[in-house]
Amino acid sequence: MKTSKRVVIVGGGVIGLCTAYFCARAGHAVTVVERSAPPRGGCSFGNAGLIVPSHFVPLAAPGMVALGLRWLWNPESPFFVQPRLNLGLLSWGYRFWRASTPERVRCATPVLRDLHLESRALYEELQSLPVGEFGLTRRGLLMLCQTPHGLEEEGAAAAQAEALGIPVQVLDARGAANLDPEVTMQVTGAVYYPGDCHLEPGRFMAALEAEAGRLGVQFLWGTGGISGPRTANGRVVALRLADGSEVEADECVIAGGSWSEALARGFDLRIPMQAGKGYSLTLPHPRQMPSRSSILTEARVAVTPMGGAVRFGGTMEIGGLDERINRARIRGIVRAATTYFPEFLPGDFEDLTPWCGLRPCSPDGLPYLGRTARWPNVVIATGHAMIGMSLAPVTGRIVSSLITGAPPGHDLSLLNPDRYA
């Protein structure tokens with residue numbers, strides 16, 4: 001007989017909400033503690049909404065350091081590091097460089113593939129939630145390439161995907177146009193992943209929160225975070241909130257996104273993290289409506305149809321916990337959108353309010369997922385970078401299994417939260 005536990009989850013983003021849902025479904029008494037008050041607009045809300053088994057290569061991959069250095073001096077480039085003397089950033093950068101090896105990627109790709117595939121299957125289940133659907137669209141993803149070199153690089157990734165059993169097609173410009181004839185593209189070719197899909201993040205978050213509430217999850221919004229744990233006999237027995245109150249716990253989950261590193265320090269844990277700021281613009285009345293999601297590969301910009309709107313999102317800006325809008329990054333997205341889709345004009349984007357969110361990035365590009373050696377009843381679930389929406393359901397399901405005492409169903413050794421302890 002399963003024992004119900006008091007589970008406290010720190011963080012109400014997509015990882016925290018998925019964890020709350022699966023823990024509540026397993027019969028646990030769940031409380032979500034979230035620093036922000038509604039209405040919220042963090043990383044889980046304004047992203048591109050992509051569910052991508054095709055994204056099996058971690059952020060820390062061969063060539064990324066050289067590419068980042070080449071982009072460093074261009075304020076509109078897809079990747080930018082805000083120059084600053086910061087020991088944490090220097091340490092993170094060194095570890096990123098150490099992790100960007102072919103061997104490391106070879107070990108990581110099947111792990112990410114399997115997590116993505118299960119997560120996609122779980123989205124199919126979640127689509128039938130009583131509170132309503134959330135725009136899950138199963139039409140694949142186009143990796144659009146403007147240059148022959150870009151198409152060659154994506155073709156090499158396609159060969160790797162095929163070897164991993166992921167369906168993929170390499171297309172010339174006409175083949176790409178035939179797959180999405182309603183939008184004019186300026187491309188050399190594309191790689192098509194028919195198994196990918198997309199959704200509307202805001203609708204998914206609302207549906208998930210409502211369903212978790214129906215299952216009895218309690219939400220503590222606007223707490224300002226936690227001040228630390230209260231411990232006894234080598235376990236965490238309660239979390240102290242910023243106002244001095246406490247929430248008692250049998251199990252604790254740290255799912256605080258980019259704020260997780262600071263949260264973990266309060267537990268005497270070390271999980272190196274940098275916030276990777278991403279931006280998006282949502283065009284409510286586009287001149288043309290793409291029928292499939294896509295990524296503008298050379299510009300690293302994602303394009304997602306959402307209802308009658310189109311969202312353009314991208315860039316990775318490493319600059320600390322800073323949520324200010326950098327207009328140069330917005331110009332880079334607009335430039336990419338109007339170059340790949342020449343019917344769109346810069347003026348189409350002038351009056352839009354840009355969104356930004358802070359993605360939690362580990363040094364090796366892999367999530368932190370699992371129990372810690374320091375505390376037997378603390379689970380870490382963070383560091384998903386740009387694939388948090390894609391991996392959220394499987395992350396929540398795994399955390400629920402760990403708390404319940406069931407096998408996680410995946411080898412979590414590469415995701416060990418103590419790997420930088």
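**Figure 1. R300 in a loop of the predicted model.** The place of R300 is in the loop between strand 15 (293–296) and strand 16 (301–306); helices (H or I, at least four residues) and strands (E, at least two) are DSSP runs, numbered from the N terminus. This is a predicted model, in which local features need pLDDT of at least 70, side-chain atom pairs count only at pLDDT 80 or more, and totals for chains, interfaces and linings use all residues. Residues are numbered from 1 along each chain as its sequence is written, and side-chain values use heavy atoms, with hydrogens and water left out. R300 is a residue other than glycine with a positive phi, near 55°. R300 counts as partly exposed because its relative accessibility is 39%; buried means under 20% relative accessible area, exposed over 50%, and partly exposed in between (1.4 Å probe, protein chains only).

**Figure 2. T315, a strand residue with positive phi.** T315 belongs to strand 17 (residues 309–318). Its phi is near 70°, a positive value in a residue other than glycine. With a relative accessible area of 6%, T315 is buried.

**Figure 3. The cis peptide bond between P38 and P39.** The bond that joins P38 and P39 is cis, with omega at about -5°. P39 lies in the loop between strand 2 (29–33) and strand 3 (50–51).

Figure 4. On a 1 Å grid over the protein atoms alone, a cavity is a set of points where a 1.4 Å probe fits but cannot get out, whereas a pocket is an open set with protein on both sides within 12 Å along at least five of seven lines; lining residues have an atom within 4 Å of a point. Of the 18 lining residues of the second largest pocket, L69, F79, V81, W92 and G93 are the closest to its centre. Helix 2 (64–71), strand 4 (79–81) and helix 3 (87–99) are the elements that give two or more residues to this lining, and helix 3 gives the most, with 7 residues.

**Figure 5. V81 in strand 4.** V81 is partly exposed, with a relative accessible area of 21%. Leaving aside its neighbours within four places in sequence, V81 is in contact (heavy atoms within 4.5 Å) with L72, L89 and I318. The C-alpha atoms of V81 and L269 are separated by 26 Å, and the two residues are 188 residues apart along the chain.

**Figure 6. Helix 7 and its buried face.** Helix 7 (residues 201–214) has 14 residues. The buried residues of helix 7 are P201, F204, M205, A207, L208, E211 and A212. Seen down the axis of helix 7, these residues fall within an arc of 165°, so they line one face of the helix; the arc is that of the directions from the helix axis to the C-beta atoms. They pack against helix 1 (14–25), helix 4 (102–126), strand 9 (218–220), strand 16, strand 17 and helix 10 (388–404). G216, whose phi is positive, near 100°, follows helix 7.

**Figure 7. T19 in helix 1.** T19 counts as buried, at 0% relative accessibility. Leaving aside its neighbours within four places in sequence, T19 is in contact with I9, V253, G396 and V399.

How values were computed
Expected span 1.5 Å × (residues − 1).
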